[in-house]
Amino acid sequence: MTSKDAVNNGKTAEADSRAEGLGIGWSVLSYLIAGMVAYGAIGWGIGKAVHVSVLFPIGMLVGIGISVGYVIHRYGRQGSVERNDR
Amino acid sequence: VIGSVRAVAEASGGCHLFSGCGFPAPGLQDFDFKPIFSIGSFHFTKPMLIGILCGLSVIAFFAVAFARPKLVPGKTQSLAEMGILAIRDQILRPALGRRGDGYLPFLVSMFFYIFLMNLMELIPFFQFPAMSRIGFVWPLVFMVWGLYLFLGFKNQGGFGYFKNMVPHGVPWWILPLLFPIEFLKFFVIQPFTLGVRLFGNMFAGHLLLSIFMVATWYLMSFSIGLLWAAGSAFMVLFVFILELLVDLLQAFIFTTLTATYLASSLDPGH
């Protein structure tokens, strides 16, 4: 491997990790919003049916809890993100 | 002294400090334009003109660059090649690898269209990022959304696409808990954040730039106000450079995320 190749490989690795980081970062945000919205909607629907309006905020909190747990499970541990083979 | 300054400010005809009128703060009204022409109830406005011009410019640039491709490229061709290679090596390959090369034309045209549309914010006479009207963002988002859903269903099958949304190796009783989140993420939140990010950045950038531009004019007077005007003018320069970076970055982020979404559709469980 020449030094030019090494520089190129370094650049490729940098671009790889940049793309991966961007993807993961926005995925995490999407999960947090999705958890809140999904369980907020479920809580709101059940609350509407049984006439307990407090189920809406409770649903949102439960949703945030689930998505935080999910994000930690999926991305939180070191090396938990497997790299695909190229 | 204040009296003479007031006289000068009033003579200039504009709205200035000390002339008794308040700061004409830029706001939502700056994003609405009088129609250039109207056909019935259809109004053709400046953002539409910018949108069409940007689209045509990108097409024209690449058509000219590769009209007669040479082995030893001329200036236009090497510029176009540099752009395409940058998209391939910085955006496409990191996310999709070599098998994604077929999507290069899509990503290249998307990147340059968004970048040019954003740059219009800084080019005199145009001075408006059309992407700060959210209607210009949604068609791009719908294209990406339709493409990654189509590829997902095509490559993983109708049932498989939903099955692969949740990662493998998760206890079965957690799956029903995660499914609403994953479903909402893929179908609603992901395209929503993709669009709103671009729109929000361009909207805020244009507002910021116009606030300091208007303030420079508003504070201009032959008094201590001149110092404030100079400060505001400096901020215009600063925000201008910042926006140049934001324009490039937003085009880059939009295209990179598009590439990663396509990758997750092509690659199950990712």
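Reply: A contact here means heavy atoms within 4.5 Å. On that basis, 66% of the contacts in chain B between residues at least 6 apart in sequence join residues at least 24 apart. This is a predicted model, in which local features need pLDDT of at least 70 and side-chain atom pairs count only at pLDDT 80 or more, while totals for chains, interfaces and linings use all residues. Residues are numbered from 1 along each chain as its sequence is written, chains are lettered from A and ligands numbered from 1 in the order in which they are written, and side-chain values use heavy atoms, with hydrogens and water left out.

To begin with the setting, chain B has 8 helices and 2 strands, where helices (H or I, at least four residues) and strands (E, at least two) are DSSP runs numbered from the N terminus. The radius of gyration of chain B, taken over C-alpha atoms, is 24 Å, well over the 18 Å that the globule rule gives for 270 residues, so chain B is more spread out than a compact globule; that rule is 2.2 Å times the number of residues to the power 0.38. Along its principal axes, the C-alpha trace of chain B spans about 80 × 60 × 45 Å. Of the 270 residues in chain B, 44% are buried, meaning under 20% relative accessible area, with exposed over 50% and partly exposed in between (1.4 Å probe, protein chains only).

Now to the rings themselves. Over all chains, the structure holds 24 aromatic pairs; rings of Phe, Tyr and Trp (its six-membered ring) pair if their centres lie within 6.5 Å, and planes under 30 degrees apart count as stacked, over 60 as edge-to-face and the rest as tilted. Because Y161(B) lies in helix α6 (residues 158-165) of chain B and F186(B) in helix α7 (residues 175-219) of chain B, the pair ties together parts that are 25 residues apart in sequence. Both Y161(B) and F186(B) are buried. They also belong to a cluster linked by ring pairs, whose other members are F153(B), F162(B), F179(B), F183(B) and F187(B).
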